[in-house]
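Hello,

Here is the structure I promised to pass on to you. Have a look at it first, and my notes follow below.

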Amino acid sequence: MVKERDDRPEQYTRSDPSKQPTAPAGQQAAVEGMLAAEGLLPADKPGAATQRFTEQMLVIMAEYEQRRRQEIIAAGGDPDEDRDPFETVRAIADQWATTEADNAGRAALLDDLADRLDTTEVRALRLAAEAAAAITPRLIYADADHGVKAADTAADLGVSESYVYRILRARPAK
């Protein structure tokens, strides 16, 4: 069932393109999520028309990105100059979270990542993940020292509030 369009916001807010997924699987999931959120698509399964629309949008976005990069390069600029150094890592994390309940989407994401990443890049990601896990308690302590609520810290880290409290209880004495 499609909902009425009278609940749309009055003002359009442009999203930050650096936070958008860059891989086709993530872009497809994002488009499907936006359509479902607007009530334009049943949340459980997209129809054939929606699938075609999604595929067309992905092609258009990829073409735009390619043309924009070419324009920047032709003007003597570096298209990656202003990019967030963690952009790729965030894109992978967002795509992973987006495909959590979608086995086909998760498989497509894994296939895409296997095609794009090599073993040294995966090693770097694995070591970075270990480092992130190791510094998580320090970040929790720092947030607590600055008066940040445990629920906010948990939301930022993507962990449960009980995990934050468990780390705080185990905190060594200063």
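Which kind of link joins the side chains of Arg68 and Glu71? They meet in a salt bridge, with 3.2 Å from N to O; the term stands for a side-chain nitrogen of Lys or Arg within 4 Å of a carboxyl oxygen of Asp or Glu.

Before going on, a word on the source. This is a predicted model, in which local features need pLDDT of at least 70 and side-chain atom pairs count only at pLDDT 80 or more, while totals for chains, interfaces and linings use all residues. Residues are numbered from 1 along each chain as its sequence is written, and side-chain values use heavy atoms, with hydrogens and water left out.

**The chain overall**

The protein chain has 7 helices and 0 strands, in the order α-α-α-α-α-α-α along the sequence. Helices (H or I, at least four residues) and strands (E, at least two) are DSSP runs, numbered from the N terminus. Of its 174 residues, 20% count as buried. Here buried means under 20% relative accessible area, exposed means over 50%, and partly exposed is in between, with a 1.4 Å probe and protein chains only. The accessible surface comes to about 13,200 Å², and 55% of that belongs to carbon and sulfur atoms; areas come from the Shrake-Rupley method with a 1.4 Å probe, and for residues only the protein chains shown count as cover. Among contacts (heavy atoms within 4.5 Å) with a separation of 6 or more, 49% are between residues 24 or more positions apart.

**Salt bridges**

The structure holds 3 salt bridges. Back to the pair above: Arg68 and Glu71 are separated by about one helical turn, because they are 3 residues apart in helix α2 (residues 48-74). Arg68 is partly exposed at 38% relative accessibility, and Glu71 is partly exposed at 47%.

Another salt bridge joins Asp112 and Arg116, whose closest N and O atoms are 3.1 Å apart. Both residues sit in helix α4 (residues 103-116), 4 residues apart, which is about one turn of the helix. Asp112 counts as buried at 17% relative accessibility, whereas Arg116 is partly exposed at 37%.

Asp145 and Arg171 form a salt bridge too, with 2.9 Å between the closest N and O atoms. This pair links distant parts of the chain, as Asp145 is in helix α5 and Arg171 is in the segment after α7 (161-169), 26 residues away. Asp145 has a relative accessible area of 45% and is partly exposed; Arg171 is partly exposed at 25%.

Which residues does Gln95 touch, not counting residues up to four places away in sequence? They are Pro21, Thr22, Ala23, Gly26, Leu109 and Arg116. Gln95 lies in helix α3 and is buried, with a relative accessible area of 1%.

Leu109, in helix α4, is buried at 0% relative accessibility. Residues up to four places away in sequence aside, Leu109 touches Ala25, Gln95, Trp96 and Thr99.

Leaving aside neighbours within four places in sequence, Ile92 is in contact with Leu113, Arg116, Leu117 and Leu125. Ile92 and Gly26 are 66 residues apart along the chain, and their C-alpha atoms are separated by 8.3 Å.

**The second largest pocket**

About 940 Å³ of space lies in the second largest pocket. Of the 28 residues that line this pocket, Val89, Arg90, Ala93, Ala129 and Ala132 are the closest to its centre. On a 1 Å grid over the protein atoms alone, where a 1.4 Å probe fits, a pocket is an open set of points with protein on both sides within 12 Å along at least five of seven lines, and lining residues have an atom within 4 Å of a point. The volume is the space filled by probe spheres set on the points, which are joined across faces, edges and corners.

α3 (87-98), α5 (119-145) and α6 (150-157) each supply at least two residues of the lining, and the largest share, 10 residues, comes from α5. The lining divides into 18 nonpolar, 3 polar and 7 charged residues.

Best wishes

Notes:
Nonpolar A, V, L, I, M, F, W, Y, C, P; charged D, E, K, R; others polar.
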